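Subject: Structure handover

Hello,

Please find the structure below. My notes on it follow.

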Amino acid sequence: MFFQQAPSSPSPAEGNMATQFVYDLLGENAWLYITATFVVLWFAIWLYRDSLEIESITDKYVFVTGCDSGFGNLLCKKLDRKGFRVLAGCLTEKGADDLKRVAGPQLKTVLLDVSSQDSIQKAMEWTKKEVGENGLWGIVNNAGRSLPMGPSEWMKVEDFHSTLKVNMNGVIGMTMTFLPLIKKARGRIVNVASVLGRVAANGGGYCISKFAVESFSDCLRRDIHYFGINVCIIEPGFFKTAVTSLEPIERELHRLWNQLSPEVKASYGDKYLDKYIAVQRLIMNAVCDSDLSKVTDCMEHAVTAAYPRTRYSAGWDAKLLWIPLSYMPSCVVDIGLKLVLPRPSKSV
């Protein structure tokens with residue numbers, strides 16, 4: 001009887017010879033070359049995976065809030081041209097009519113005030129009839145407001161609440177009310193936060209609300225990923241929209257200043273308001289980008305990609321300034337703001 005000898009594994013000596021061969025071939029920087037190769041391969045695979053898109057777009061419904069103007073309006077047009085069945089939530093009838101005039105027959109609008117739970121519930125019932133058994137593939141929580149914005153001491157409690165009702169409660173209300181429809185389609189939730197949800201650069205409810213959107217989205221993503229639902233966060237930098245328009249910003253700053261007591265005004269000084277407004281003008285004119293497609297391209301990718309990203313940073317100021325700042329010690333941002341903003345006349 002003959003027994004066939006099993007193939008033996010490479011001996012340590014053979015392994016050392018192979019390693020030595022690699023070193024001889026690549027030189028003393030062998031590990032550097034190997035690491036670089038793996039990095040390039042990983043990046044190439046990531047790019048390929050990132051470029052893959054979903055199928056059957058024409059059968060999928062996407063609900064977008066805040067479509068009267070700005071990012072939401074532009075996104076609806078893009079998704080409509082791409083073949084999605086777009087459901088656009090508009091605050092005003094004029095906004096809805098203007099959007100329908102420039103879109104295809106597949107796009108439908110509904111009046112929606114995200115600060116009202118009754119309005120959200122009515123929009124959901126309308127959407128449920130529109131989507132039927134298909135469910136809702138995507139919801140883009142884009143509606144938001146920025147004002148009032150300014151020094152925290154200038155605010156009343158109602159000033160905080162007016163922004164939080166839209167930017168925080170509105171996002172939570174829309175998401176939780178529409179979640180059963182999204183769960184049916186195993187779709188997407190796209191929440192629009194901001195770079196100011198990573199770096200708190202001014203007072204008022206805006207930064208607070210955007211930090212809340214970041215936190216809510218992270219918690220939600222970890223809770224519902226088991227059901228095949230993706231939660232994506234859009235973090236735009238500064239763009240030229242109604243939110244960053246200088247006229248309403250300055251008007252609100254004057255209103256906040258006028259409601260202050262004489263003692264508080266005296267602590268800041270008579271010239272503080274003018275200096276503060278001058279800084280706002282300088283920042284908005286220097287940083288704001290007019291190309292809104294940088295944001296809507298991120299939103300579109302979050303809705304159409306087979307493997308959407310968790311976070312999208314839109315705009316060069318987001319990528320090169322705000323996001324890096326968010327990883328730095330708090331004292332760096334504190335010092336930067338001290339250098340930029342005016343100093344109260346009676347500061348210590």
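**Core and sheet**

The largest nonpolar core has 32 residues, and those touching the most other members are Val62, Val64, Cys76, Phe84, Val140, Ile234 and Met299. A nonpolar core here is a set of buried Ala, Val, Leu, Ile, Met, Phe, Trp, Tyr and Cys residues joined through side-chain atoms within 4.5 Å; buried means under 20% relative accessible area (1.4 Å probe, protein chains only). At least two core residues come from each of E1, H3, E2, helix H4 (93-102), strand E5 (188-192), E6, helix H12 (293-304) and E7. H12 gives the most, with 5 residues. Helices (H or I, at least four residues) and strands (E, at least two) are DSSP runs, numbered from the N terminus.

This is a predicted model: local features need pLDDT of at least 70 and side-chain atom pairs pLDDT 80 or more, while totals for chains, interfaces and linings use all residues. Residues are numbered from 1 along each chain as its sequence is written, and side-chain values use heavy atoms, leaving out hydrogens and water.

Phenylalanine 84 touches (heavy atoms within 4.5 Å) Ile54, Ile57, Lys60, Val62, Leu79, Trp137, Val303 and Thr304, not counting residues up to four places away in sequence.

The open sheet has 7 strands in the order E3-E2-E1-E4-E5-E6-E7, with parallel pairing; two strands pair if DSSP finds at least two bridges between them. Strand E3 (108-111) and strand E7 (311-314) each have a single partner strand, so one side of each lacks a neighbour in the sheet. E6 (residues 230-236) is joined to E7 by 4 bridges, and isoleucine 234 stands opposite tyrosine 312 in E7.

Regards

Definitions and conventions
Buried means under 20% relative accessible area, exposed over 50%, partly exposed in between (1.4 Å probe, protein chains only).
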